[in-house]
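Please look over the sequence and the structure below before reading on.

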Amino acid sequence: MKYTSEAGDLDFWDPYPRLNDFKKIGINLSGGTDSALVMFMTCRELEKRNSDATIVPITGVDKTRPTNIWNAEEIVLLFKEIFPTVKFANHEVNHYKKDHEKDKVNKHKEHEDRLWSENKIEVLLHGRSANPPEDIAKANNLLFKREERRDKHGHKRVPYHENHNKPFYCPLEYLDKRFVAEQYKKFNLLDNLFPITASCVEYADKTDNFTKPCKECWWCREKKWAFGMYDGGVV
Ligand SMILES: [Zn+2]
């Protein structure tokens with residue numbers, strides 16, 4: 001299916017016919033807006049194709065910031081309601097304790113590798129989107145502390161690859177969050193899905209024990225830039 005936006009268009013699924021072969025579709029679901037949109041678009045695709053494939057939601061939970069699992073679980077419940085014919089497997093949850101500040105990527109990879117080796121997934125979908133273009137990032141205070149691997153031209157990743165026999169699809173690789181926000185508007189997801197997503201990555205001290213967004217971290221600022229509001233609709 002094709003999705004359009006002022007920030008760029010996406011031809012989701014169709015360019016990669018092999019996606020139809022997989023029966024166990026793992027989707028990394030962080031609790032944020034982008035991975036939730038990837039799951040939404042996947043549900044639409046499976047529904048349209050009357051597919052009997054199963055979605056396997058995958059969530060990593062940092063023990064010092066444990067609340068994203070509530071967001072991820074609510075998101076899955078919502079999609080089960082909207083797409084009653086789409087099949088879901090058990091939510092694969094990995095609670096981990098970071099050994100150092102940059103350990104998150106390793107912990108997620110360990111979990112994914114376990115799922116691959118246990119044959120629980122046949123393809124992995126990831127919701128990573130792109131950073132805003134440099135001039136827009138500068139104007140919106142989104143250059144400092146950005147994750148550089150999300151720069152559109154900062155790496156050589158392709159949206160779909162099958163390295164090491166592990167098919168991987170990252171459909172938002174070259175689309176920034178304005179694309180995501182536009183789809184939320186188009187598909188009326190601002191009232192049901194948006195309020196149960198969470199993007200803030202700060203800890204208990206800066207979020208009033210995880211009850212409000214910090215409004216300062218990069219992810220808070222990116223969400224405010226694209227959606228005009230922070231987690232929970234806070235402005
Ligand atoms: Zn924040």
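Among contacts in the protein between residues at least 6 apart in sequence, 70% join residues at least 24 apart. The model, which is predicted, has 6 helices and 9 strands. A compact globule of 235 residues would have a radius of gyration near 18 Å, and the protein agrees with this because its value is 17 Å. Taken along the principal axes, the C-alpha atoms fill a box of roughly 45 × 40 × 35 Å. Of the 235 residues, 49% are buried. The accessible surface comes to about 11900 Å², and carbon and sulfur atoms account for 49% of that surface.

Helix 5 shows how one element sits among others. This helix covers residues 177–186, and its buried residues are Lys 177, Phe 179, Val 180, Ala 181, Gln 183 and Tyr 184. An α-helix has 3.6 residues a turn, so residues three or four places apart point the same way.

Next comes the zinc ion. Its protein donors are the SG atoms of Cys 200, Cys 214, Cys 217 and Cys 220, lying 2.3 Å from the ion. Along the chain these donors follow the spacing C-x13-C-x2-C-x2-C. Cys 200 and Cys 217, which lie 17 residues apart, form a pair that links distant parts of the chain, and both are in the loop between helix 5 and helix 6. Cys 200 and Cys 217 are both buried. Why is the arrangement around the zinc ion tetrahedral? The 4 donor atoms subtend angles of 104 to 118 degrees, and the arrangement is tetrahedral because of these angles. For four tetrahedral donors the ideal angle at a metal is 109.5 degrees.

The loop between helix 5 and helix 6 also holds Asn 209 and Lys 215. Most residues other than glycine have a negative phi. Asn 209 is not a glycine, yet its phi is positive, about 55 degrees. Lys 215 is not a glycine either, and has a positive phi of about 65 degrees. Asn 209 counts as exposed because its relative accessibility is 56%, over the 50% cut-off. Lys 215, at 36% relative accessibility, counts as partly exposed.

Key. Residues are numbered from 1 along each chain as its sequence is written. This is a predicted model: local features need pLDDT of at least 70, side-chain atom pairs count only at pLDDT 80 or more; totals for chains, interfaces and linings use all residues. Side-chain values use heavy atoms; hydrogens and water are left out. Buried means under 20% relative accessible area, exposed over 50%, partly exposed in between (1.4 Å probe, protein chains only). Helices (H or I, at least four residues) and strands (E, at least two) are DSSP runs, numbered from the N terminus. Donors are N, O and S atoms within 2.8 Å of the metal (3.2 Å for Na, K and Ca); water is not among the atoms, so sites may look incomplete. Four donors count as tetrahedral if all angles lie between 85 and 135 degrees; four count as square planar and six as octahedral if opposite donors are over 155 degrees apart and all others between 65 and 115; anything else is irregular. The radius of gyration is taken over C-alpha atoms; the globule rule is 2.2 Å times the number of residues to the power 0.38. Contact means heavy atoms within 4.5 Å. Accessible areas come from the Shrake-Rupley method with a 1.4 Å probe; for residues, only the protein chains shown count as cover.
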